[in-house]
Structures are given as C-alpha cells and as structure tokens.
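Hello,

Here is the structure I promised to pass on to you. Have a look at it first, and then read on for what I found in it.

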Amino acid sequence: MTSTSLLMIPGPIEISDAVHRAAGARPVSHLDPVFKEHFGEVLRGLRSVFLAGEGYRSFVVAGGGTFAMESAAVNLVDPGHTVLVVNTGLFGDRMAEMLRRRGANVLQVGAAVGEAVPVDEVAEALREHRPRAVFATHVDTSTGVRLDVEGVARVAREQGVLSVFDGVCAAAAEVFRMEAWGADVYYCASQKAIGMPAGLALWVVSPRAMRAREALGSLPPLVMDWAAWEPIVRAYEEGRNAYFSTPPTTLIPALRVALGELVEEGMERVFERHARVASRMRAAFRAMGLRMLSQAPANTLTAMYWPDGVDGAAALGAIRARGVVVAGGLHPSCAAATFRVGHMGVVTRDERALVRTVRAVGEGLSDVGASVDVEAALRAFEGV
Ligand code: PMP
C-alpha cells in the first residue's frame, strides 16, 4: 500500500500524528523512570476510557485481540464448567473454540447472519443453564452487528453470572460503561478505535472476575495468567520496578498519547462522534443502493453486499486505485458477496477523509460497472 492511501478497513486504522511520532521513538528500558510513569498513566487511562472505577484492574500486554480473548477464556473457566457464548459472527465462533479447548461445556445462542441476539434469549439461556460465564462480542467485525451489551451485562448480573465482552471492534467508539453496566471483563486490541498501531492486547477486569480467577482450579498458561500479570501492572501503577515479561516499551508510551487524546476529548463526545459519522456514512452507502449486511449496525464499521453482478476483488482494487483501502467480506457465509468499510478513530474527525472514502467507493463501484449515483451519495452524507 502506498503511504498516500487512506486506510478505511475495520482495523488497523489511521492514527493521529502525535501517536505516530510517539510510536517512532527509540527504545527505552522497561525500568526507565519516565517509562514507568507512562505505563502507570496508560493503566489508569484505560479505566477512564472503559468508564471503570479504581477497583478494576487494567492489563496491557504485547499481543492482539486474540490473545486478550484467550486470556479471558482461560482465567475464568475451569475444564467442565458450562459457559454461554452469544454468537453474532466469526469472533463468537472463535471464542467458542477457545472455550472448548479449555475443556468447557460450551452452549451458544445465535441468530441469522447479520442479526443481533435479543437480550431476552440470553436471559432465558442463563436461567435454563446457569453457566459460569457469558461471553459476547460487542461488535462482530465479520457481520457489523452490534449487541446490546448493557442488556446482556444486566441479565448476567441478575443471575450471578460473569459477563465477558469482546470490545476489539467497539472500545473507544461504541457506548460502553463498564462499572455502571456491571460488566466483568472488557478487552480490545490497540489497532482499532483506540487509535494505535497493532501490537497490544488491552483488558480491564472487575473485582468479582479477579476473585473468580483466584478460585480457579486449573491454572492458565503462565503467559496469559492474570495472576502472573497482576503484580506487574500493580507495580507500574504504583511506580515500582517489576519484571515478568518485557513490556513493549515503545508502544506503551504511544498508547499513553492515544488514550490521552480520548480522555481529553471526553468519552461522551467520542461516542457521539462515532454515532454521527456512522449514520452519515450509511446514508451515503444507502444512497448508492447498497444493501446492508447488519440489521443491528455498529458505529465502527459498515458491512454491505456488493451490487449484483459486481466482482468483489475487482471492486476492492478499483476503490484502492482511487486511494482508499476498504476490506472484503469476512464472515464465511457471505465473504465473497460483501465488503466492509471502517469508520473509527481519527478519520471520524476528518471530513475530507470521509468524503474521499464515499467518493472512492462510489467511483470504484462505477469503474467496475455498477450504476452508482456518487453525487447523490455525497448529498446524503452531507444531509445527515
Ligand atoms: N475480536 C474482534 C471483534 C475483532 O474484530 C478482532 C480482529 N479483527 C479480534 C477479536 C482479534 O483481534 P486480533 O486480530 O488483534 O487478534
């Protein structure tokens, strides 16, 4: 990809100039006093972004969203436990597989591809099966479906079940109030709305979920054991030296800049900005005649069907040739028939980038033979 293309896939995303500069710094010691201070700020900042109080524990570890997913699976569930997966796409399938490998008895509630699972169905399954924990994806990136996480967290609380949410394609964009909603675990990765390059797994754990880890019978693999990381992140929050596995000493100071930008803007405004941009982008795509995959559309991405007769690979190439990188489909049931446009992070503050995206998608589709009214799409974008 050329440096002038605009990255509009659902992660990794474009980053701010300040984060870019910070991520280009020379390496420092993991015990450097300034690094320790910055890591402490990151851990506190993550709680602010997730709207969680001081009793919650933040973790930032080298890895990706998949690492964070597996850490949740192995720290809360013993072999033989019954667990419930609320499945709205590929990442629900992945979580179910991780839990099966942990030896859990995995039950699932799902819906047709593109649809969310109603909270009532989750509540019903919890009442019937009394699982140890419920695992759900806030926004499934393969379908563009957003789940009612507030509702799922509430019914889990009511039944005394731990609730674990995959926020990889939602955190720092979709409304999420960890403490007020009573969610037990929220995890994400650095490369999406957090506004960083890929490379970090981030998660926050409630006091109740930390106690569940302590009560575990079968120890997790050491590298993802919350009990191994807990003294380390605690030491960094308190400015003390600690070592377990070398932290990414360049990415963490860059993350401090990214989280600082979010906290400074204020999470309510961050949430509103993403909601506003999502509705404008979708108005534009609808005006192009595109059919949405998701019936419960997220604010972080739009997943759509290609127009009839359009070759997806050719269309992706045509859009790219117009300077914008969008993503192909991901859900196995409709990967070739769909494509996805991300709209999260710094681009949602950049009107020109958004217009450029609408134009590139519309003109790229026209280039491969679709009949698209690009000006009508731009008017719809402006009109919302
Ligand atoms: N969960 C969701 C919802 C995701 O979108 C992704 C990444 N696309 C992951 C988990 C896995 O993250 P990673 O690719 O960083 O391992």
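Of the 384 residues of the protein, 58% count as buried. Please keep in mind that this is a predicted model. The exposed surface comes to about 14900 Å², and carbon and sulfur atoms supply 50% of it.

As for the overall build, the secondary structure consists of 14 helices and 14 strands. The radius of gyration is 21 Å, close to the 21 Å that the globule rule gives for 384 residues, so the protein is as compact as a globular protein of that length. Along the principal axes, the C-alpha atoms fill a box of roughly 60 × 55 × 30 Å. If we take contacts between residues at least 6 apart in sequence, 72% of them join residues at least 24 apart. Charges are part of the picture too: there are 39 positive and 42 negative ones, and their mean positions lie 2 Å apart.

Elsewhere you will find an open sheet of 3 strands, with antiparallel pairing and the order β11-β14-β13. Its edge strands are β11 (301–305) and β13 (327–328), each of which pairs on one side only. Between β11 and β14 (residues 338–342), the antiparallel pairing runs over 5 bridges. Here Thr-302 faces Val-341, standing opposite that residue of β14.

Finally, a loop residue to look up. Pro-27 sits in the loop between α1 (17–23) and α2 (33–50). Is Pro-27 buried or exposed? Its relative accessibility is 65%, and the cut-off for exposed is over 50%, so Pro-27 counts as exposed. Which residues does Pro-27 contact, leaving aside its neighbours within four places in sequence? They are Thr-249 and Thr-250. Pro-27 and Thr-249 are 222 residues apart in sequence, yet their C-alpha atoms are 6.2 Å apart in space.

Enjoy exploring it, and do write back with any questions.

Best wishes

Technical notes
Residues numbered from 1 in each chain as written. Predicted model: local features only at pLDDT ≥ 70, side-chain atom pairs only at ≥ 80, totals over all residues. Heavy atoms only, no water. Helix = DSSP H or I, 4+ residues; strand = E, 2+ residues; numbered from the N terminus. Rg over C-alpha atoms; globule rule 2.2 N^0.38 Å. Buried < 20%, exposed > 50% of the residue type's maximum accessible area, 1.4 Å probe, protein only. Contact = heavy atoms within 4.5 Å. Areas by Shrake-Rupley, 256 points an atom, 1.4 Å probe, with all protein chains shown as cover. Lys, Arg positive; Asp, Glu negative; His and termini not counted. Charge placed at Lys NZ, Arg CZ, Asp CG, Glu CD. Pairing = 2+ DSSP bridges.
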